[in-house]
Amino acid sequence: MALSYQALLTAVPVVLKAGNVPNIVGEAGIGKSALVADVARKLGAKLFTTVVSLSEKGDLAIPVPPLTSDSFIQTQHYGQLADVQFGYSHTLIEIIQYAETHPQQPILWLLDEFNRGTQAVQSELMNLVLQRTINSLRLPEQVQLILAENPDASMTGFEQSTYGVVAGDAAIKDRTVRLVMRADPADWLAWAQRSDEQRQRPNIHPLVQQFISEDVTRLNQTDVQADLTATPRAWERVSANLYELEQLPDDQQTLVALDIFQGDVGATLGLAFYQFIEQQAIHVTPAMLYEAQPVGAVVPAPVLKQFTAMSELQKSTVLASCLQLTATYPLTDDHNAGRFMQLLQTLSQDGQFALVQQIGHQRELLKQLYTANVAKQSPYVTALYQYLQQVASWSNQ
């Protein structure tokens with residue numbers, strides 16, 4: 001039986017707290033690394049990652065030198081690196097140093113792509129996984145290991161798997177808890193809608209969300225002709241590329257968009273998504289909303305009519321784009337504030353509340369609006385600030 005992302009958020013901590021080693025098995029791009037990062041946040045743990053497929057024999061087996069400043073070289077412009085006379089994994093050094101300075105904090109060490117490492121590398125890791133030792137060094141008690149693997153044909157349910165993996169040693173299988181991960185569209189779509197606080201936008205572009213929600217089989221679909229699989233990770237790339245494409249002029253978008261999407265998810269799905277975007281094309285841009293004549297705080301009737309005719313998702317997407325362009329179109333300007341508020345009020349209550357939540361993460365913008373509100377010199381800015389407060393209070397109703 002395979003577990004969803006949300007189920008694994010419960011299962012992995014259980015295995016760790018029991019003193020065992022979870023071995024998360026799942027298709028490439030399904031979100032195993034993201035899952036472990038979420039587990040680390042849930043447990044308040046520091047996460048370190050070693051990609052075993054990129055490791056070579058000797059990376060971990062050679063004795064660790066003393067942890068002194070002489071072990072490292074500090075460059076002027078390019079950061080710190082280990083002196084080549086020491087043949088050790090720098091990750092292990094970082095783990096030990098962190099454990100010594102944070103003795104009470106849990107530490108997770110993810111050995112990613114474990115069964116894509118060579119047999120020699122896996123053999124060197126045996127004692128690490130089984131005995132928690134490397135030569136004479138013993139891992140600190142607060143360090144717990146997690147393995148992540150791609151399926152191989154010897155695993156039940158993956159008999160047709162074609163990954164280039166090296167089957168794990170029987171001792172590893174006997175000492176770890178295999179947890180099979182499956183792509184769950186409901187889990188993924190719920191995550192996709194959540195806000196990326198760093199970028200101040202949804203984790204996944206709303207148009208990608210809509211495309212997947214219309215046919216959830218698209219979330220993990222193989223394009224045989226292109227030899228590509230549209231995995232959750234691939235759709236994350238589509239989303240990131242789409243956000244960037246929207247910053248280009250229309251003619252440049254048209255020139256490259258199809259090839260980029262097909263490079264992400266294959267020829268068939270890439271074309272389907274490109275055609276979907278054309279059908280959903282948003283013909284109203286932030287520039288049109290703010291620059292339409294005549295100048296004033298009220299949106300001209302033709303532009304307002306075009307905007308209100310759009311779908312809820314399209315309107316939300318345009319207004320979210322406006323929030324990304326406050327350096328060009330500041331909401332502390334009466335002209336822009338008045339138009340933004342007028343357009344915001346065309347959304348449903350849920351749509352308005354979701355957008356105001358995004359604004360809530362933009363502390364500098366809120367500070368500017370608050371200052372303008374206190375000054376009482378810009379009536380539309382004051383009105384916008386007070387309306388945002390009103391919308392924000394709807395959660396308490």
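**Exercise 1.** Determine how exposed Arg237 is and which residue pairs with Arg237 in a salt bridge.

*Solution.* Step 1: Arg237 has a relative accessible area of 37% and is partly exposed (buried means under 20%, exposed over 50%, partly exposed in between, with a 1.4 Å probe and protein chains only). This is a predicted model, in which local features need pLDDT of at least 70, side-chain atom pairs count only at pLDDT 80 or more, and totals for chains, interfaces and linings use all residues. Residues are numbered from 1 along each chain as its sequence is written, and side-chain values use heavy atoms, with hydrogens and water left out.

Step 2: The partner in the salt bridge is Asp264, with the closest N and O atoms 3.3 Å apart (a side-chain nitrogen of Lys or Arg within 4 Å of a carboxyl oxygen of Asp or Glu). Arg237 belongs to helix α8 and Asp264 to helix α9 (residues 250–265), so the pair ties together parts that are 27 residues apart in sequence (helices are DSSP runs of H or I, at least four residues, numbered from the N terminus).

Step 3: Asp264 is buried, at 7% relative accessibility.

**Exercise 2.** Describe the salt bridge between Arg41 and Asp38.

*Solution.* Step 1: The N to O distance between these side chains is 2.3 Å.

Step 2: Both Arg41 and Asp38 lie in helix α2, 3 residues apart, about one turn of the helix.

Step 3: Arg41 is exposed at 60% relative accessibility, whereas Asp38 is buried at 18%.

**Exercise 3.** State how many salt bridges the whole structure holds, and describe the one between Arg218 and Asp215.

*Solution.* Step 1: The search of the whole structure finds 4 salt bridges.

Step 2: In the bridge between Arg218 and Asp215, the closest N and O atoms are 4.0 Å apart.

Step 3: Arg218 is buried at 17%, and Asp215 is partly exposed at 29%.

Methods: Helices (H or I, at least four residues) and strands (E, at least two) are DSSP runs, numbered from the N terminus.
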